[in-house]
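The following briefing concerns the structure shown below.

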Amino acid sequence: MTDAETLFRLSGLNAAYAAAIDADRLEDWPNFFTEKCLYKVTSADNHAKGYAAGIIYADTKAMLRDRVQSLRVANIYERQRYRHIVGIPVLGPEPGTSETSFVVVRTMRDGKMELFAAGVYLDRTVTDTDGTLRFQERIVVCDSGRFDTLVAIPL
Amino acid sequence: MITGETNADLPRGSWPAGLTRVPYWVYQDPDVARAEQTKVFEGPTWNYLCLDIDVPNTGDYRTTVMGAMPVVVARAEDGEVVAFENRCVHRGALICLDDGGNVKDFHCVYHAWRYDLRGNLKSVAFRHGVNGKGGMDDTFRLEDHRPRAIRVTVLHGLVFGTLDPDAPDIESYIGSEITARLRRVMHKEVEVIGRFTQALPNNWKLYMENVRDTYHASLLHLFFATFRITRLSAGGGVLVGENGVAHASATMGAPPAADNAYAGIRSENDGFRLDDPSLLDSRDEFNDGIQLQILSVFPGFVLQQIHNAIAVRQVVPTGTDTMDLHWTYLGYADDPPELRAMRLKQANLVGPAGFVSMEDGAVGGFVQRGVATAEDVLSVVEMGGATADTADTRATEASVRGFWKAYRGVMGL
């Protein structure tokens with residue numbers, strides 16, 4: 001596959017990922033990952049220091065499903081939505097690696113909008129057994145480690 | 001019409017007798033917030049500053065705060081941990097700008113006044129002027145000027161500071177029983193595994209009440225009750241220091257298998273099962289059956305052990321109705337890999353995106369907004385009686401009353 005084709009597929013994956021979250025199709029979100037995976041939300045500072053913990057940390061697709069289920073039936077948080085703006089991927093030196101900038105605007109139930117998060121996705125993708133491109137690893141490195149009130153919906 | 005008990009008969013700023021009522025103005029009034037800076041954070045209290053391991057070597061420093069007051073913590077040449085106000089004595093600029101680092105001495109960036117690691121002023125740039133002109137008067141003495149020195153104590157790896165030379169020693173302040181609970185968690189060398197900040201839309205005291213509120217944990221947090229991480233029907237209780245300054249709550253072991261105590265309550269949801277229950281794998285690493293321990297020290301320190309998720313939380317007021325919560329996630333330096341992996345998964349319970357802590361982040365804001373025009377109304381804090389005593393149940397607000405006992409003591413309310 002040429003770099004151009006890879007970029008095209010990655011951009012499609014990123015766009016579909018963002019659209020699923022922003023349209024509240026959270027049940028679709030785990031399917032962007034392989035069964036064994038790593039999804040972690042951290043900050044640039046934690047990432048630079050090599051701190052392993054994230055504010056969200058899942059190493060299986062089942063853990064991602066559990067997070068969605070918990071948001072749906074268990075957790076208390078005010079109604080809100082995200083709008084992701086995702087940049088063009090930059091291919092990494094190793095096959096399957098890439099990084100993509102993102103910005104997330106959060107709109108609360110009362111209409112208050114704010115720039116909620118900005119950062120870079122550090123990704124490792126693979127063509128899964130069914131031919132679909134999926135994330136084996138998505139490390140969400142937020143530029144800031146300070147989060148307003150709570151992070152319910154995944155980034 | 002029932003509108004709730006009010007404080008209208010009492011002069012503004014006064015408090016009804018006893019510990020079971022809290023007037024809502026205390027979360028709203030800018031004059032109260034100003035008084036808190038002087039009487040609480042700069043008063044006879046011990047403030048958590050940082051971890052001992054944040055400044056392991058001579059010249060290491062870390063910046064922190066006591067309420068709104070900026071503070072530098074440093075490791076001096078003799079190995080002692082010292083702290084001083086992060087304010088140049090010349091024109092008041094911050095002496096240290098970054099979160100931390102290693103230095104030989106401190107230089108203010110503004111006019112290059114230089115301080116040693118203990119915050120003593122050592123030199124003034126162009127003190128004698130240039131070519132015999134300008135400079136400081138001969139009467140100027142370096143030793144007459146220094147940023148406020150903070151009395152520091154290191155307790156089991158935690159650095160606390162006070163501006164009050166007459167404050168009791170920290171073990172008397174916290175009490176021996178709760179100090180033992182603190183040592184239980186901080187009993188060997190820790191390692192930082194993550195640092196995050198949660199910006200909360202509420203007065204700092206609402207968060208500290210939430211931390212001490214053993215009654216809410218399994219009611220607000222469906223995740224706790226459903227997976228039986230903590231239920232009021234499990235064993236445990238809450239220790240409250242005599243002065244109200246510190247508390248430690250504990251959940252012992254698992255509740256009875258056939259436990260109907262939560263039937264019909266929202267937080268009971270038997271339909272909810274985890275697809276990947278490895279999140280709930282844990283190890284009784286303290287060998288005492290305490291699954292969950294939350295410990296706090298007035299004014300703004302929290303030490304958390306939820307299964308194997310260990311963290312310290314520092315409460316930083318940023319306004320009358322805002323605060324920052326600084327989370328430092330910990331492991332032990334000698335963690336075997338499988339235990340460290342458990343901590344990373346269990347960290348999903350806490351922090352800004354925590355299945356549990358996200359709700360604590362939101363609920364303070366619900367109160368802050370709910371009481372917007374209720375400054376003279378009183379909240380009701382009488383679960384488990386009227387005292388702030390240690391209890392062998394968590395169906396009590398004894399520890400919340402303890403917070404107000406400590407608060408009113410230093411505030412003179």
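**A loop position in chain B**

B:A112 is partly exposed, as 13 other C-beta atoms lie within 10 Å; a residue is buried with 20 or more other C-beta atoms within 10 Å of its own, exposed with 12 or fewer, and partly exposed in between, C-beta atoms being placed from the backbone. The model is a predicted one, in which local features need pLDDT of at least 70, side-chain atom pairs count only at pLDDT 80 or more, and totals for chains, interfaces and linings use all residues. Residues are numbered from 1 along each chain as its sequence is written, while chains are lettered from A and ligands numbered from 1 in the order in which they are written.

**Surroundings of B:A112**

- B:A112 is placed in the loop between β7 (106-107) and β8 (114-115) of chain B; helices (H or I, at least four residues) and strands (E, at least two) are DSSP runs, numbered from the N terminus.
- Not counting residues up to four places away in sequence, B:A112 touches B:H107 and B:A125, where contact requires C-beta atoms, placed from the backbone, within 7 Å.
- A distance of 9.5 Å separates the C-alpha atoms of B:A112 and B:F126, which are 14 residues apart along the chain.

**Overall form of chain B**

- Chain B contains nine helices and 19 strands, and 47% of its 413 residues count as buried.
- The C-alpha trace of chain B spans about 85 × 60 × 35 Å along its principal axes.
- Among contacts in chain B with a separation of 6 or more, 66% join residues 24 or more positions apart.

**Nonpolar core and domains**

- The largest nonpolar core has 141 residues, and B:V72, B:V73 and B:Y207 have the most contacts inside it; such a core is a set of buried Ala, Val, Leu, Ile, Met, Phe, Trp, Tyr and Cys residues joined through C-beta atoms within 7 Å.
- Helix α9 (residues 398-411) of chain B gives the most to this core, with seven residues.
- Domain 1 (47-155) and domain 2 (176-411) of chain B both contribute residues, so this core lies between them; the domain bounds come from an automatic or database domain assignment.
- Beyond its neighbours within four places in sequence, B:V72 is in contact with residues including B:Y61, B:F84 and B:I95.
- The centres of domain 1 and domain 2 of chain B, taken over C-alpha atoms, are separated by 36 Å.
- Seven residues from domain 1 of chain B and eight residues from domain 2 of chain B take part in the contact.

**A hairpin in chain B**

- Strand β13 (residues 235-240) and strand β14 (residues 246-252) of chain B pair in the antiparallel sense over six bridges; pairing requires at least two bridges found by DSSP.
- β13(B) and β14(B) form a hairpin with five residues between them, and B:G244 in the turn has a positive phi of about 80 degrees.
- B:V240 has B:H247 in β14(B) as its bridge partner.

**Interface of chains A and B**

- At this interface, 31 residues of chain A are in contact with 34 residues of chain B.
- α3(A) supplies the largest share of the side of chain A that touches chain B, seven residues.
- β8(A) and strand β12 (residues 190-200) of chain B run parallel, joined by three bridges, and A:F147 has B:Q198 in β12(B) as its bridge partner.

Note on methods: Two residues are in contact if their C-beta atoms, placed from the backbone, lie within 7 Å.
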